[in-house]
Amino acid sequence: MIALSLSFSLALSCSAQAESVAIIHATVHTVTDQGVLTDATVVIEDGTIVAINPQLPTADTIIDAKGAILTPGFIASMNDLGLVEIGAVSASRDAYEKEAGIIFDPSLAYNPKASTVPFARKGGITRNIVSSGGGEGIFSGQTFTVDLSGNWDSLLAANTGLVVALGASKEGSRATGMQQLINKLEDAKKAQVKKTPKTAKAKDKPSREDSVVNAVLAGEKSLIVSVDRASDILHLIKLKQEFGLDLILVNAADAIIVADQLAKANIPVVIDSMRNLPESFDSLHNSLENAGKLTKAGVKVAIALPGDSHSIYALRFSAGNAVANGMDYDDALAAVTANVADIFHLDSGQIAVGKPADLVLWSGDPFEFSSKVQKMWIAGEEQSTDSRQDKLRDRYLQKTAMPKAYSR
């Protein structure tokens, strides 16, 4: 009897996993060379896009989009989603570590059930690259990648990139940070040269820190540098060329004045397109037009809201503002989907056969303030867009004889 029950449960599980969905009559922004497809059909099965515009679409579930816009799920990056619940409550903050260094792995503190996760989904975000801060030196630890399903297994990859912060310092010279990075790379390179197969011994096994730096030198791990001033950026371009780094710049206010060099060196920039005023002597070239200008110069741009995860719901508005300030619409859509996937080596960000079914169906233009998510899928599984904010709204709109702070 128990065996029969287990077999029945397994059959139900396999059936649920095999369920297919066809989204018909959609305006599909593929973010591929196919561009925008009108009155199109997308079929998903087992978490993957299996067909686009098949002759005879068949599926277990048919969803009529009625001309609504279907996009890849947006991808946020370089924020502390799932590491901070309430910024003002220190016990709920795991994003900042004073003693953080090269081997710091913040994914060990990730909470997929944080209230910020469903709120971010309301902004059309299906994946995220999470980073942390801290450290008394230039190294802040490593990034990790999650999907926003809120499931316990939503951590997709840990220790994916090494985060470095360079620039002005309240005490001492910025040269110290740059020198620290150069020394770390040079020392690791020299150690590799010395350890030939003939001289290597078991006891010479690299330390945990050295293993991370070796992975950066091998291009297996990205070097993600938060930097603004052009002179610092030019030093980093030289380091990429010397060591063959997979280099990603974050913020990069001055990137606009060295855009040609960045494009030639194939170095992408993760930019907050809403930075419009100088915040320091390092960021004198902040402008709402920077995202568009960098793209036109040939730099691969990802739009992000680095830092506080409570605001990443507004990622689509940042992209919309970039369009309002000169960025091409398709470029802005790529900057929150395909470009982010390319920069951080994710297999997502496009609507194409074989890609994960991370999809969002919108009530209107996703960059418009009034548009909302109608439906969302992460790896083919439909997601709820209800958040804690919705529950609080519903609670306080209830008509009750109790005081406003209570509900029945």
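Four strands make up an open sheet of mixed pairing, in the order 6-8-11-12; strands, like helices, are DSSP runs numbered from the N terminus (E, at least two residues, for strands; H or I, at least four, for helices), and two strands pair if DSSP finds at least two bridges between them. The model is predicted, so local features need pLDDT of at least 70 and side-chain atom pairs count only at pLDDT 80 or more, while totals for chains, interfaces and linings use all residues. Residues are numbered from 1 along each chain as its sequence is written, and side-chain values use heavy atoms, with hydrogens and water left out.

The edges of this sheet are strand 6 (74-79) and strand 12 (155-157), each of which pairs on one side only. Direction ignored, neighbouring strands are turned by 25° against each other on average. Strand 6 runs parallel to strand 8 (residues 125-130), and five bridges join the two. Ala76 has Asn128 in strand 8 as its bridge partner.

A further open sheet, also of mixed pairing, has six strands in the order 10-13-14-15-16-17. Strand 10 (139-142) and strand 17 (301-303) each have a single partner strand, so one side of each is left without a neighbour in the sheet. From one strand to the next the twist averages 20°. Strand 13 (residues 161-165) and strand 14 (residues 222-227) run parallel and are joined by five bridges; Gly161 stands opposite Ser222 in strand 14.

Now the helices. The axes of helix 3 (residues 174-194) and helix 4 (residues 208-217) come within 10 Å and cross at roughly 90°; axes are lines fitted to C-alpha atoms, for helices over the stretch in contact, and angles run from 0 to 180 degrees between N-to-C directions. That makes helix 3 roughly perpendicular to helix 4, a term for angles of 65 to 115 degrees. On the helix 3 side, Lys184, Leu185, Ala188, Lys189 and Gln192 meet Glu209, Val213, Asn214 and Leu217 of helix 4, where contact means heavy atoms within 4.5 Å. The residues of this contact divide into four nonpolar, two polar and three charged.

The largest nonpolar core has 76 residues, and Leu236, Leu249 and Leu262 have the most contacts inside it. Such a core is a set of buried Ala, Val, Leu, Ile, Met, Phe, Trp, Tyr and Cys residues joined through side-chain atoms within 4.5 Å, buried being under 20% relative accessible area (1.4 Å probe, protein chains only). Helix 5 (residues 230-243) supplies the largest share of this core, six residues. Leaving aside neighbours within four places in sequence, Leu236 is in contact with Leu166, Met178, Leu181, Val225, Val227, Leu247 and Leu249. Apart from this core lies another, of 19 residues, including Ile23, Val28, Ala40 and Ala357.

Methods
Buried < 20%, exposed > 50% of the residue type's maximum accessible area, 1.4 Å probe, protein only. Parallel < 35°, antiparallel > 145°, perpendicular 65-115°, else oblique. Nonpolar A, V, L, I, M, F, W, Y, C, P; charged D, E, K, R; others polar.
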